[in-house]
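Here is a short briefing on one protein chain. Keep the sequence and the 3D view open as you read.

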Amino acid sequence: MLFNIDLKAILIAFAVSYGAVTLLLQNITFALLTALLPDTALYGFAPLFLLALFLLFTPVLSGYVVAKLARNRPQRHVLLSALLGAALYAIFSKSHSLVWASIPLVLTWLGLALLAWKNKRH
């Protein structure tokens with residue numbers, strides 16, 4: 001283990017949030033776009049809604065899962081997951097890569113906060 005980092009927790013969280021959720025959202029997008037007629041008002045809104053859902057939900061899920069799986073130092077694990085997500089967003093964004101990369105840096109910490117809030121309630 002490199003500096004007490006559980007790489008398995010980071011990889012599982014990253015695969016679940018960015019891999020599985022992406023595949024699920026692609027299937028939902030395809031189903032919505034094939035079910036909606038092109039002349040309806042929701043046809044143009046569906047891809048934008050799902051893109052926003054992907055941009056917002058996956059970093060939060062990644063932060064939550066990696067903080068849950070990390071045996072020690074969940075903050076450090078969340079930071080590494082956020083940096084991986086930021087690198088992914090920066091690589092795949094064609095323009096304004098710094099703006100897109102800041103999304104997972106901020107929202108991944110929300111997943112950690114959700115886990116802390118959930119544990120505090122119980």
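Phe14 and Tyr18 sit four residues apart in helix α1, so about one helical turn separates them. The model is predicted. In it, these two residues form a tilted aromatic pair. The structure holds one aromatic pair.

**The aromatic pair**
- A ring pair is described by the distance of the centres and the angle of the planes.
- For Phe14 and Tyr18, the centres are 4.5 Å apart and the planes make an angle of 35°.
- That angle counts as tilted because stacked planes are under 30 degrees apart and edge-to-face planes over 60.
- Tyr18 has a relative accessible area of 6%, so Tyr18 is buried.

**Overall fold**
- The protein chain has four helices and zero strands.
- Along the sequence, the pattern reads α-α-α-α.
- Of the 122 residues in the protein chain, 31% are buried.
- Take the contacts between residues at least 6 apart in sequence: 71% of them join residues at least 24 apart.
- The accessible surface of the protein chain is about 7900 Å². Carbon and sulfur atoms account for 74% of that surface.

**The nonpolar core**
- In soluble globular proteins, nonpolar side chains tend to be buried together.
- Here the largest nonpolar core has 13 residues. Val66, Ala67 and Val78 have the most contacts inside this core.
- Helices α1 (7-35), α2 and α4 each supply at least two residues of this core.
- Helix α2 gives the most to this core, with five residues.
- Leaving aside residues up to four places away in sequence, Val66 touches Ala9, Ile10, Ala13, His77, Val78 and Ser81.

**Thr108 in helix α4**
- Thr108 belongs to helix α4, which spans residues 97-121.
- Is Thr108 buried or exposed? Its relative accessible area is 0%, so Thr108 is buried.
- The Thr108 side chain reaches the backbone oxygen of Pro104 at 2.5 Å.
- Beyond residues up to four places away in sequence, Thr108 touches Pro59, Gly63, Val78, Ser81 and Ala82.

**Arg73 in a loop**
- Where is Arg73 placed? Arg73 lies in the loop between α2 (41-69) and α3 (74-92).
- Arg73 is not a glycine, yet Arg73 has a positive phi of about 50°.
- With a relative accessible area of 38%, Arg73 is partly exposed.

Conventions. Residues numbered from 1 in each chain as written. Predicted model: local features only at pLDDT ≥ 70, side-chain atom pairs only at ≥ 80, totals over all residues. Heavy atoms only, no water. Buried < 20%, exposed > 50% of the residue type's maximum accessible area, 1.4 Å probe, protein only. Polar contact = N/O pair within 3.5 Å; in protein donor to acceptor, adjacent residues only side chain to side chain. Contact = heavy atoms within 4.5 Å. Core = buried A, V, L, I, M, F, W, Y, C linked by side-chain atoms within 4.5 Å. Phe/Tyr/Trp six-rings, centres within 6.5 Å; stacked < 30°, edge-to-face > 60°. Areas by Shrake-Rupley, 256 points an atom, 1.4 Å probe, with all protein chains shown as cover.
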